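The entries below follow the order in which I went through them.

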Amino acid sequence: MSHGSVNEGRRLAYESFRATLDELLGQPGVTELRFRDEWLARLSDQQQLTVSGWYEPPPDGIGLLFGHDDAEIPFSFSSLRPEGYWPSERTMNWRRGLMYAYCSPVDITNGLPADFGVTLYFGSDARIRSHIAAALSLTRDVIGMITPRTMARPLFLSSERLFRDAGMRNNVASVTDSVPVDLGHSLPRVHSSDFVKGRLLTSVGKAALQKGRQFISESADWPLARAGQVTIEPSLVSVTNPSLPQVSPHYVVAVSEEGVMICDECDALYAELDLVP
């Protein structure tokens with residue numbers, strides 16, 4: 001397996017997020033809406049990307065959810081689509097805060113979705129840091145199983161066993177797939193002018209991307225190499241300690257007969273925040 005940027009749009013999405021985080025980190029009173037709007041402005045500056053995302057709702061195809069490590073209800077979500085999880089006036093506590101960020105623009109130059117997502121923790125609770133490190137390690141273990149011949153259903157079932165043996169479960173829910181839990185999905189391309197007008201992704205384009213995905217789940221078996229690029233994005237919660245937050249890594253993996261390449265730009269942030277094993 002090699003590492004690199006086989007999805008240039010995703011790299012741009014990461015860099016836009018990183019610039020937004022660098023500017024707002026530590027500032028008092030930062031709301032989800034403010035972070036979302038500043039991130040969206042930077043994404044819009046990237047002429048290669050559509051100005052909004054395909055994954056709607058939430059509005060503009062951007063998810064931004066803040067939490068904190070002493071909340072009565074643990075930080076978790078099965079989907080960003082319900083309105084209660086849309087960006088709001090919730091504020092970040094940088095000393096105890098958790099963040100999930102996600103965007104879904106499309107690279108206009110090649111029609112490829114530029115999905116990017118990351119779970120971050122800014123606090124000092126050692127249990128939470130260890131939990132996040134374990135979730136990231138498990139996700140990388142799953143990615144390590146992928147070869148040019150990997151099929152979707154066996155990969156999903158292997159991931160479920162791996163998570164269960166580690167005392168975790170996958171909390172992802174899809175409204176599109178025929179089964180409720182998945183590990184990720186294919187990234188179908190959009191080429192037709194019916195899908196993108198200028199830098200705007202049309203409703204037809206959004207629907208085509210949502211319906212065109214193949215899920216890594218029990219519902220169907222298909223070779224990952226046929227899709228070209230897939231997401232690996234479990235949302236992991238602890239079975240043994242439900243008070244721990246949900247961790248939702250998000251990687252893009254390119255699979256072909258020549259080999260496997262992982263887009264892992266987010267790992268730099270995990271390392272800087274000391275969230276890696």
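**Entry 1: the three-stranded sheet**

I looked up an open sheet of three strands, in the order β2-β3-β6, with antiparallel pairing. I note β2 (62–68) and β6 (116–121) at the edges; each has a single partner strand, so one side of each lacks a neighbour in the sheet. The twist averages 5° from one strand to the next. I keep in mind that this is a predicted model.

Next I went through the pairing of β2 with β3 (residues 97–103). Seven bridges join these two antiparallel strands. I looked up two of the pairs by residue. Gly67 has Leu98 in β3 as its bridge partner. Helix α1 (residues 8–24) packs on the sheet, where α1 touches β3 and β6. The direction of α1 makes about 30° with that of β6. The other pair I looked up is Ile62, whose bridge partner in β3 is Cys103.

I also checked how covered β2 is. Six of the seven residues of β2 are buried, and I put the strand down as mostly covered.

I looked at the peptide bonds here. The bond from Glu56 to Pro57 is cis, with omega near -10°. The bond from Pro57 to Pro58 is also cis, with omega near 10°.

Asp60 also has its place in the loop between α2 and β2. I noted a phi near 65° for Asp60, a positive value in a residue other than glycine. What is the relative accessibility of Asp60? I read 27%, at which Asp60 counts as partly exposed; the class runs between the 20% limit for buried and the 50% limit for exposed.

**Entry 2: helix α4**

I checked the length of helix α4 (residues 152–165) against its residue count. At 1.5 Å a residue, its 14 residues should span 20 Å, and the end C-alpha atoms are 20 Å apart, which agrees.

Which residues of α4 are buried? I list Ala152, Leu155, Phe156, Ser159 and Phe163. These residues cover an arc of only 100° around the axis, so they lie on the same side of α4. On the face turned away from that buried side I found the exposed residues Arg164 and Asp165.

I looked up what covers the buried residues of α4. The cover includes α3, β7 (168–170), α6 (224–227), β10 (229–232) and β11 (236–238). Just after α4, Gly167 takes a positive phi of about 80°.

**Entry 3: the largest nonpolar core**

I turned to the largest nonpolar core, which has 72 residues. Within this core, Phe17, Phe35, Trp39 and Met99 touch the most other members. Helix α3 (residues 126–144) gives the most to the core, with seven residues. As background, I note that nonpolar side chains tend to be buried together in soluble globular proteins.

I compared these names with my earlier entries. Helix α3, which gives the most to this core, is also among the elements covering the buried residues of α4.

**Entry 4: Thr202**

I looked up Thr202 in the loop between β9 (200–201) and α5 (203–212). Is Thr202 buried or exposed? I read a relative accessible area of 17% for Thr202, and the cut-off for buried is under 20%, so Thr202 counts as buried. I then left aside its neighbours within four places in sequence and listed the contacts of Thr202: Asp194, Phe195, Val196 and Lys197.

I looked up strand β12 (residues 251–256) and strand β13 (residues 259–263), which run antiparallel and are joined by five bridges. A hairpin of two residues connects β12 to β13. In this pairing, I found Val255 opposite Val260 in β13.

My last stop was Asp274, in the segment after α7 (267–272). I noted a phi near 60° for Asp274, again a positive value in a residue other than glycine. The relative accessibility of Asp274 is 55%, so Asp274 counts as exposed.

Definitions and conventions: Residues numbered from 1 in each chain as written. Predicted model: local features only at pLDDT ≥ 70, side-chain atom pairs only at ≥ 80, totals over all residues. Heavy atoms only, no water. Core = buried A, V, L, I, M, F, W, Y, C linked by side-chain atoms within 4.5 Å. Buried < 20%, exposed > 50% of the residue type's maximum accessible area, 1.4 Å probe, protein only. Helix = DSSP H or I, 4+ residues; strand = E, 2+ residues; numbered from the N terminus. Pairing = 2+ DSSP bridges. Axes fitted to C-alpha atoms, helices over the stretch in contact; angles between N-to-C directions. Contact = heavy atoms within 4.5 Å. Expected span 1.5 Å × (residues − 1). Arc of directions from axis to C-beta.
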